[in-house]
Amino acid sequence: MSKYSIKEFIEQTEQENESNDYFQLETPRILEVNLEEMVWAKLGSMVSYNGSIKFERERMMEHGTSRMFKKAFTSEGGTLMKATGQGQLYLADKGKRVTILELNDDTIAVNSNDLLAFEPSVEWDIKMMRRVAGMMSNGLFYVVLQGSGLVAITSHYEPLTIRVNEDKPVMTDPSTTVAWSGHLEPDIRTDINFRTFIGRGSGESFQMSFKGDGFVIVQSAEE
């Protein structure tokens, strides 16, 4: 159905009020946060809210000196905002699909561009891939989240999860890699020469290599 009366359109698209979960999907691309105290979210991701909510940009020393210097020198890790108060907060990121993950004493690594929101109970840090300094300007750094709590990540269209086994390493395009098992430490494989460089994107000349037991989540469009 492509045509609606005003009444029909409102009925089809209005917010749901039946559930009060802390994180829930209002639509596949809009996250609803039923805020009671505080949540960390990607800067600029707020699309709407009701109630009494205050927004603050992440301060330079918000998460300690170590992460301050990592962010200053890498410009990675995703700039965060802190939303505090009570009400319903709606978050989105450029129309990307939202997935809610519940960590139960787990660890997951997420591309900083694909981290939408997380509970304050979840610890995080910025990591750098080994033996790749100077190879690329993007894709070297990622965010590791661990502990217990809810995390919302985004992807272009439906995400695909690929299993990684000891005898079956997985290679991915850095620009389509969303997240992976937190204990895996990806490396960068390079195939740079005149033939491979001309006419190719990052995924053909640079690949992320995952070895061990775990998983990697990819998306169908480049970031």
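Reader: What makes the stretch that holds Glu-11 a helix?

Author: In this predicted model, Glu-11 lies in helix H1, which covers residues 6-13; a helix has to be a DSSP run of at least four residues, and the run 6-13 is therefore called one.

Reader: Why are Glu-8, Glu-11, Glu-14 and Glu-16 called a patch of negative charge?

Author: Glu counts as negative, and like charges are joined within 9 Å when their residues have over 30% relative accessible area and no salt bridge; Glu-8, Glu-11, Glu-14 and Glu-16 gather on the surface in this way, and so they are given that name.

Reader: How do you know that Lys-42 and Asp-93 form a salt bridge?

Author: The distance from N to O is 2.9 Å, and the rule asks for a side-chain nitrogen of Lys or Arg within 4 Å of a carboxyl oxygen of Asp or Glu, so the pair qualifies. Lys-42 belongs to strand E3 (residues 38-42), whereas Asp-93 sits in the loop between strands E5 and E6, so that the bridge links distant parts of the chain, 51 residues apart. By this rule the count comes to four salt bridges.

Reader: Why are E13 and E14 said to pair?

Author: Pairing needs at least two bridges, and E13 and strand E14 (residues 206-210) have four in the antiparallel sense, so they pair. In one of these, Asp-187 has Ser-209 in E14 as its partner.

Reader: What makes E11 and E13 edge strands?

Author: The open antiparallel sheet has the order E11-E14-E13, and strands E11 (170-172) and E13 (187-190) each pair on one side only.

Key:
Residues are numbered from 1 along each chain as its sequence is written. This is a predicted model: local features need pLDDT of at least 70, side-chain atom pairs count only at pLDDT 80 or more; totals for chains, interfaces and linings use all residues. Side-chain values use heavy atoms; hydrogens and water are left out. Patches are made of residues with over 30% relative accessible area and no salt bridge: like charges are joined within 9 Å, nonpolar side chains (Val, Leu, Ile, Met, Phe, Trp, Tyr) within 5 Å. Accessible areas come from the Shrake-Rupley method with a 1.4 Å probe; for residues, only the protein chains shown count as cover. The place of a charge is taken as NZ of Lys, CZ of Arg, CG of Asp or CD of Glu. Helices (H or I, at least four residues) and strands (E, at least two) are DSSP runs, numbered from the N terminus.
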